[in-house]
Amino acid sequence: MSKHLVLLGGGHANLHVLEALAHDPLEDCKVTLVSPWCGQIYSGMLPGWVAGHYRLDECQIPLDQLAAAAGADFLHTPACSIDANHRRICLGGGNTISYDVLAVDIGSAIRTDAILCEPEYVVPVRPAQLFAERYRRFVCTGDSGPIAVVGGGMGSVELACALRAGLGQGIEITAFVGRSGLVPSHPRPLRARLLHTLQNRDVAVITDEVRRVDATHVETRAGRRFPTSFVVLATGPQAPHLLHGSGLKLDSAGYLKVDACLRSLSHPDVLAAGDCASLPFDKITRSGVYAVRQGSVLARNIRAVMTTGVLHRFRPQRRALYLISTGTRHAIGTWGPWSFQGEWVWKWKDLIDRQFVRRFSAY
Ligand SMILES: Cc1cc2nc3c(=O)[nH]c(=O)nc-3n(C[C@H](O)[C@H](O)[C@H](O)COP(=O)(O)OP(=O)(O)OC[C@H]3O[C@@H](n4cnc5c(N)ncnc54)[C@H](O)[C@@H]3O)c2cc1C
């Protein structure tokens with residue numbers, strides 16, 4: 001009897017699975033991709049869209065086309081819950097689907113737990129589609145009030161610089177980077193480069209946590225209040241709510257626990273990769289770089305699980321290259337203890353990013 005493989009989420013790793021299926025379909029297997037959006041916005045290019053370097057369609061991978069090429073049914077809807085004990089997924093609209101094997105690549109949410117606010121007062125950078133929609137609406141209002149970017153990671157630096165490039169000099173932009181400062185776990189030279197770049201772009205840097213956001217102000221832990229019209233949250237990853245109550249074994253932060261072969265520790269018919277997975281390695285950060293690397297292992301191991309073959313281990317690289325765009329067709333690169341910058345770094349990033357989107361859009 002034919003088996004049912006469900007790919008939940010069109011994240012980086014599941015893109016590789018779809019590509020592999022397009023080249024080499026699984027015999028006697030029905031495949032379904034579940035995604036709330038037809039297009040996957042590539043996060044590496046999102047700041048470039050804000051800066052005005054790309055159209056939104058240039059940053060998007062058409063999941064429906066890729067699914068069709070892979071022979072997969074495309075369900076254009078979010079999953080609302082997973083019942084791993086009964087191998088069932090409840091979808092938006094109330095329908096339920098069953099699976100024999102499930103590959104979860106739903107990414108992460110943006111951390112909101114430390115900030116008191118109503119959801120309408122903040123604009124999380126993920127999901128990228130909702131961010132893009134709300135940012136477009138903000139730009140259309142013509143509001144030139146101050147903008148706050150909350151978060152001390154590379155993503156928040158990229159966005160603050162992109163906002164400056166996209167909106168020009170007339171607007172006040174402040175980055176609230178927390179008391180530990182920018183990218184605290186990275187080497188000092190990189191931190192200095194990022195800080196210098198923000199200052200150069202006329203972005204004010206506040207080294208305090210944001211505690212509360214209301215309709216008109218951002219308030220820090222020290223009690224300082226800053227007027228704001230638009231508050232971007234780039235506060236780092238948080239486990240996706242969908243995994244709660246799924247019956248799957250989760251780590252203490254709520255991420256799906258998998259072994260080195262990306263297989264769930266509690267349910268061997270479930271595999272997971274990317275930000276939503278909790279892997280048995282210490283030095284692995286949640287980033288697109290690692291999600292992409294897990295893609296080929298996920299594709300091979302899905303095949304192995306479906307055909308009772310041998311599973312392969314994911315071996316994380318010791319160092320990852322990050323290229324951080326700084327708004328003006330200029331970027332900063334970092335690899336281990338080294339960092340570098342220039343227009344050539346942006347050109348390199350632009351080439352890699354465009355190639356990535358083109359690769360999965362060519363179906
Ligand atoms: C502004 C910004 C810039 C970044 N730049 C870089 C960079 O240059 N390099 C880098 O390595 N990392 C970068 N990152 C981090 C990177 O975006 C993430 O680590 C990466 O996207 C994780 O990939 P993923 O495959 O786990 O999930 P994602 O790429 O987030 O994909 C998850 C997918 O799951 C879908 N999904 C979510 N919920 C559901 C649901 N309930 N049902 C069905 N589908 C669902 C989503 O629609 C999406 O298609 C950046 C992040 C941000 C915010």
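The structure holds 18 salt bridges. Welcome to this predicted model: this briefing walks through some of those side-chain pairs and then turns to the ligand.

**A salt bridge between two strands**

- The side chains of D73 and K30 meet in a salt bridge, with 2.7 Å from N to O.
- This pair links distant parts of the chain, as D73 sits in strand β5 (residues 72-76) and K30 in strand β2 (residues 29-35), 43 residues apart.
- D73 is partly exposed, at a relative accessible area of 37%, and K30 also counts as partly exposed, at 40%.

- R354 and E58 join their side chains in a salt bridge of 3.4 Å, N to O.
- Since R354 belongs to helix α8 (residues 343-361) and E58 to the loop between α2 (46-51) and β4 (60-62), the pair ties together parts that are 296 residues apart in sequence.
- Both partners are partly exposed: R354 has a relative accessible area of 27%, and E58 has 23%.
- R354 also meets D350 in a salt bridge, at 3.1 Å from N to O.
- D350 and R354 are both in helix α8, four residues apart, which is about one turn of the helix.
- D350 has 14% relative accessibility, so it counts as buried, the cut-off being under 20%.

**A salt-bridge network**

- Elsewhere, R179, D208, E209 and R221 form one network, joined by salt bridges that share partners.

**Where the ligand sits**

- In the side chain of Q40, an N or O atom is 2.5 Å from an oxygen atom of the ligand.
- D275 takes part through its backbone, where a polar atom is 2.7 Å from a ligand oxygen.
- A polar backbone atom of G288 is 2.9 Å from an oxygen atom of the ligand.
- On its own, the ligand has 1,000 Å² of accessible area, and the protein covers 85% of that.

Terms used: Residues numbered from 1 in each chain as written. Predicted model: local features only at pLDDT ≥ 70, side-chain atom pairs only at ≥ 80, totals over all residues. Heavy atoms only, no water. Polar contact = N/O pair within 3.5 Å; in protein donor to acceptor, adjacent residues only side chain to side chain. Areas by Shrake-Rupley, 256 points an atom, 1.4 Å probe, with all protein chains shown as cover. Salt bridge = Lys/Arg side-chain N within 4 Å of Asp/Glu carboxyl O. Buried < 20%, exposed > 50% of the residue type's maximum accessible area, 1.4 Å probe, protein only.
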